Amino acid sequence: MKGFSLRVRTIAALVIALAAALSLSAHVGSPDVYYEGDAGPYHLFVTVRVPQVIPGVAEIQIRCETNDVRAIQIVPMRLSGPGSNFPPTSDLTQQSKEDPQFFTGSLWLMEDGALKVRVSVDGAQGKGELSVPVAAAAQKTLKMERPLGGLLAFLMVFLGLGIVFIAGAAVREGSLGPGETPAPGGVRRARVVMAIAAVVVVGILYLGRAWWNSDASNYQRGVNFFKPPAAETKLETETA
């Protein structure tokens with residue numbers, strides 16, 4: 001019986017540890033924000049699901065402790081500095097029809113860093129305000145879809161060739177009157193200008209690609225820098 005009791009206690013301890021690990025997995029290592037506080041007379045439970053890429057859309061969920069809230073507005077702001085004093089236009093959250101105490105909304109986070117979501121509440125007890133700090137950071141890099149990449153490449157080539165031919169036509173036919181044909185000298189000058197325009201276009205594309213690669217490298221470094229903490233559990237049993 002003693003050995004059976006020990007096995008029962010061990011199995012129970014393993015079940016409790018597994019349940020604790022599952023509950024911790026929802027918060028530890030997650031970039032989402034879970035905040036509880038008072039917006040004036042209203043007690044709120046706020047969840048901010050931070051997007052995995054920046055810019056991106058953050059999902060906001062708000063639960064009120066009481067059912068006397070009529071409307072909730074949300075707006076993203078800088079946590080400190082000039083941006084914290086000049087907020088954009090607030091967005092109105094949607095009140096659940098099944099649960100009047102539950103509100104949802106979404107916000108565009110256009111930059112990373114120390115941000116906050118200002119929550120403005122209007123209800124039977126007047127108005128209240130609450131600020132939820134949010135650490136916005138890119139967690140992954142999304143690849144461009146092939147159809148979109150192909151379309152952009154086609155437009156780039158089309159516009160580049162268009163600039164070259166427009167430059168040549170402007171030099172070759174810009175000073176001609178109705179019915180006149182380009183002179184041989186004008187044709188030669190047009191070819192020279194087209195060659196120069198082609199070099200300029202290629203140079204602009206090269207510099208643009210260099211800028212794009214540099215910006216992508218900086219973004220990837222930010223993604224690699226973001227390493228959420230990991231939770232480690234250890235189970236110890238006593239033998240009696």
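**Close-ups of a predicted model**

F154 sits out in the open: it is exposed, with a relative accessible area of 54% (exposed is over 50%, buried under 20% and partly exposed in between, using a 1.4 Å probe and protein chains only). This is a predicted model, where local features need pLDDT of at least 70, side-chain atom pairs count only at pLDDT 80 or more, and totals for chains, interfaces and linings use all residues. Residues are numbered from 1 along each chain as its sequence is written, and side-chain values use heavy atoms, leaving out hydrogens and water.

**View 1. F154 stacks with F158.** Their ring centres are 6.2 Å apart, with 20 degrees between the planes (rings of Phe, Tyr and Trp, the last by its six-membered ring, pair if their centres lie within 6.5 Å; planes under 30 degrees apart are stacked, over 60 edge-to-face, the rest tilted). The two are 4 residues apart in helix α2, so about one helical turn separates them (helices are DSSP runs of H or I, at least four residues; strands are E, at least two; both are numbered from the N terminus). F158 is exposed too, at 53% relative accessibility.

**View 2. A cis peptide bond joins I54 and P55.** Omega is about 0 degrees. P55 lies in the loop between β2 (42-49) and β3 (56-64). For context, most peptide bonds are trans.
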